[in-house]
Amino acid sequence: MSGASATPDRLDRPFLDPLFDRLFPPLPSGVHWGLERMEAALAELGNPERCAPALHVGGTNGKGSVASTLASVLTRSGKRVGLYTSPHLCSLTERFQVDGRPASPRALERVAEEIRGTVVSHGLTFFEAATLLAFRYFQSEEVDVQVVEVGLGGRLDATNVICPQVSVLTNVALDHADFLGDTLEAIAGEKAGILKTGVPAVTAEVKPGPLGVFRRRARAVGAPLTELDPEREIRALEVTHDRTRFTVDTVPWGELQVDTPLVGEHQAVNAALAIRALEQLPEELRPASPVEVREGIRDVQWPGRDQIRVVEGTEWIFDVAHNTAGVRSLVRVLDGIGLPRPRVALLGVLGDKTWGEMLPPLLQRVDGAILTQPQSAPDGRRWDPREAARVVESALEPERRPWIRVETDFSRALDQARSASHGGTVVVTGSCHTVGDALRIMRLEPFPPPAP
């Protein structure tokens, strides 16, 4: 595979809610290569992407955690911050945040009215239109800084029209191989496409293959690259039910003891990488004091990522792990914090994911599992939970095999998981669809109400 999609509509479009139909007419879908449409549309609107300095966050896993941490710290330091992420869990408005609050539907409809003609005349796809909407919305809100998460890949992603103050590359894992390539090095090449001449970059990647790709690309374009070594730089790590604490040394703020409400060793890496990115900012954007950094990280909100909630005496952990690397991180959390038993997994995975690799490590940590079909999963990407049950039951050793049931009706599966846990723990995971659908049904709002 030699390219990445600028418009990951096959992956993203199922997350549409009725709001998007009010924003734009039916738009092209599928894979559309190149940035030319985005660049032309932005130019027609006076380049709203240049309304404020930006930070660009790419990689396979952890992009949203890093982006939301950056936005939280910058907000705490007194900046008005626009945060653009994808996909969403429950509402399209989650993708467009200012100072930690999702945009109101009314505000998005107002901005969409302004840009609708441009979207249609340039043949923009859903993701391109959403990205254009984000830039114009942030411009209308007069933000001081933008934090922009890559949608898919990097090199040809619709967000790669910005020239940021710093580029962030979290890591590389095998995901979206049909779009990005079937080796870590090929995927790294697409991710590294966000590196720009003279723009400092930071990464937490440590695997030699993809890290070598990042280094070569950085040298080729003249992007100073800072490499975070988690094993050496993250000290005094402590993971509990409601936080991750660690210590890291910095140049601007000295030694920092940090608490993030995002749970897991991998979240310490994400927070430390955000700190390294903040260090690279020019002085006028960089937080002035260590208090701003610590309190910004402490206040970050990024639901559905090892998120633990107690509901009517049962502990629920919601995690959007949708690839093997994500499941490994979730498993480390389950191993490390001693959630009560019995533990029941509610699993809904998309059919184009490597569920045969994803499920066994997780199933070995639970007492039972219910395989289900998320309500919002698109028809073309639905898995067969019955087939998955047959495959994993034969792959697991009998003494390490939990009970496994199949319930394709998602609401009934949710009720069964709650009942079977007997007040222990329910692990909801497998995709953003699974977590988002569960949060909606349980009426657990993932974010504060939209801004007026």
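Before starting, I wrote down the cut-offs for accessibility: buried means under 20% relative accessible area, exposed means over 50%, and partly exposed is in between. I also noted that this is a predicted model.

**Entry: positive phi**

I began with a reminder that most residues other than glycine have a negative phi. Then I looked up Asp-99, which is not a glycine and still has a positive phi of about 50°. I found Asp-99 in the loop between strand 3 and strand 4 (101-102). Its relative accessibility is 29%, so I logged Asp-99 as partly exposed.

My next stop was His-422, another residue other than glycine with a positive phi, near 50°. His-422 sits in the loop between helix 16 (410-421) and strand 17 (425-429). Is His-422 buried or exposed? At 66% relative accessibility, I put His-422 down as exposed.

**Entry: cis peptide bonds**

Most peptide bonds are trans, and I went looking for exceptions. The bond from Ser-86 to Pro-87 is cis, and I read its omega as near -10°. I placed Pro-87 in the loop between strand 2 (81-84) and strand 3 (96-98).

I also noted a cis bond from Arg-341 to Pro-342, with omega near 0°. Pro-342 belongs to the loop between helix 13 (324-337) and strand 14 (343-347).

**Entry: nonpolar cores**

Which residues touch the most other members of the largest nonpolar core? I got Leu-23, Phe-24, Phe-96, Leu-133 and Tyr-137, in a core of 38 residues. I listed the elements that each supply at least two residues of this core, among them helix 2 (18-23), helix 3 (36-44) and helix 5 (105-121). Helix 6 (126-140) is also on that list, and with 10 residues helix 6 gives the most to this core.

Leaving out residues up to four places away in sequence, Tyr-137 touches Phe-96, Val-98, Ala-103, Ala-107, Leu-108 and Val-111. Apart from this core I found another, of 35 residues, including Val-168, Val-202, Leu-256 and Leu-281.

**Entry: cysteines**

How many disulfides are there? My count came to 0. The cut-off I needed here is a pair of cysteine sulfur atoms within 2.5 Å. For Cys-51, the closest cysteine sulfur is in Cys-163 at 14 Å, so it is too far for a bond. Cys-51 is partly exposed, at 28% relative accessibility.

Cys-432 is in no disulfide either, and its nearest cysteine sulfur, in Cys-90, is 10 Å away. I marked Cys-432 as buried, because its relative accessible area is 11%.

Terms used
Residues numbered from 1 in each chain as written. Predicted model: local features only at pLDDT ≥ 70, side-chain atom pairs only at ≥ 80, totals over all residues. Heavy atoms only, no water. Helix = DSSP H or I, 4+ residues; strand = E, 2+ residues; numbered from the N terminus. Buried < 20%, exposed > 50% of the residue type's maximum accessible area, 1.4 Å probe, protein only. Core = buried A, V, L, I, M, F, W, Y, C linked by side-chain atoms within 4.5 Å. Contact = heavy atoms within 4.5 Å.
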